[in-house]
Amino acid sequence: GDLYLSHRDNQGVFTEPILNQFLCIRRTLQNSRIKMVALGDSHCLVLLDSGFVYSWGNNSFGQLGVPGTSSDVPHLVASLLESRIVCIAAGYNHSLAVDETGTVYAWGSNACGECGVGDSFGTLIPTPMRVLASCRSVAAGDSFSLFVTMNGEVLACGRSGDGQCGPFDGEVLRTPRLVSGFPPNTILKKVACGESFSVALDHSGHV
């Protein structure tokens, strides 16, 4: 449950990992442990087993979910405190979280619809917004997102020009849509995203 951090120095060499470098997380870890870490292009999310989410790094697109500019120090995503978060994901410039009820939250860049909130909220979502219900996990790619429902189906939104969101017409999905094409009666368990491709794992262990 500890957190180790490393970074590149001025010569491009990774430093030796440092244990629990941040004081704000060390204090919180007195009663919690690190459950999950998610990395975007230039931002980081950490989920504690208490359900709290911390973020740091670049905040140019609101991907940290906190007010202000970029930060080298983790900040608690206070707008998620009313929900116990159980899963997080970080895309290129956006972030996702799922709470224990299955509600999905998204924030950060929405230029390609990757937050799944439609056109009415613009291209930046600086504060976590509810997107979906009844989901068990999420994954985030370059500018797209995948959602696994409690029923074992997969929804997708965002940039789909390379087919990463499934067999859809057009380049962009502004709201989540069901991904079709899986064999009949397939129940999916987890999904993962590359820069512009997706993979899924079903309950039988097939990828």
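Me: In which strand is V199 found?
Reply: This is a predicted model, in which local features need pLDDT of at least 70 and side-chain atom pairs count only at pLDDT 80 or more, while totals for chains, interfaces and linings use all residues. Residues are numbered from 1 along each chain as its sequence is written, and side-chain values use heavy atoms, with hydrogens and water left out. Strands (DSSP E runs of at least two residues) and helices (H or I, at least four) are numbered from the N terminus. V199 is found in strand β16.

Me: Is V191 buried or exposed?
Reply: V191 sits in strand β15. Its relative accessible area is 12%. Under 20% means buried, over 50% exposed, and in between partly exposed (1.4 Å probe, protein chains only), so V191 counts as buried.

Me: How far apart are the C-alpha atoms of V191 and A140?
Reply: V191 belongs to strand β15. Along the chain, V191 and A140 are 51 residues apart.

Me: Which element gives the most to the lining of the largest pocket?
Reply: A pocket is an open set of points on a 1 Å grid where a 1.4 Å probe fits, with protein on both sides within 12 Å along at least five of seven lines; lining residues have an atom within 4 Å of a point. The largest pocket has a volume of about 440 Å³, and of its 20 lining residues the closest to its centre are L5, S6, H7, C44 and W56. β1, β3, β4, β5 and β6 each supply at least two lining residues. With three residues, the one that gives the most is β4.

Me: Where does the largest share of the lining of the second largest pocket come from?
Reply: The second largest pocket has a volume of about 240 Å³. Among its 19 lining residues, V179, F182, S198, V199 and A200 lie nearest the centre. Two or more residues each come from β15 and β16. The largest share, four residues, comes from β16.

Me: What is the value of phi of N20?
Reply: N20 is in the loop between β2 and α1, and it is buried at 12% relative accessibility. Most residues other than glycine have a negative phi. N20 is not glycine, yet its phi is positive, near 45 degrees.

Me: What is the value of phi of S134?
Reply: S134 lies in the loop between β10 and β11. It counts as partly exposed, because its relative accessibility is 43%. Its phi is positive in a residue other than glycine, at near 60 degrees.

Me: Which residue forms a salt bridge with R174?
Reply: A salt bridge is a side-chain nitrogen of Lys or Arg within 4 Å of a carboxyl oxygen of Asp or Glu, and the structure holds three. In one of them, the closest N and O atoms of R174 and its partner are 3.1 Å apart. The pair links strand β14 to the loop between β9 and β10, 55 residues apart.

Me: Which residues are linked in a network of salt bridges?
Reply: R159 meets D142 at 3.6 Å, N to O; R159 is in strand β13 and D142 in the loop between β11 and β12. R159 also forms a salt bridge with D162, again at 3.6 Å. D142 is buried at 16% relative accessible area, whereas D162 is exposed at 53%. The linked residues are D142, R159 and D162.

Methods
Points joined across faces, edges and corners; volume = space filled by probe spheres on them.
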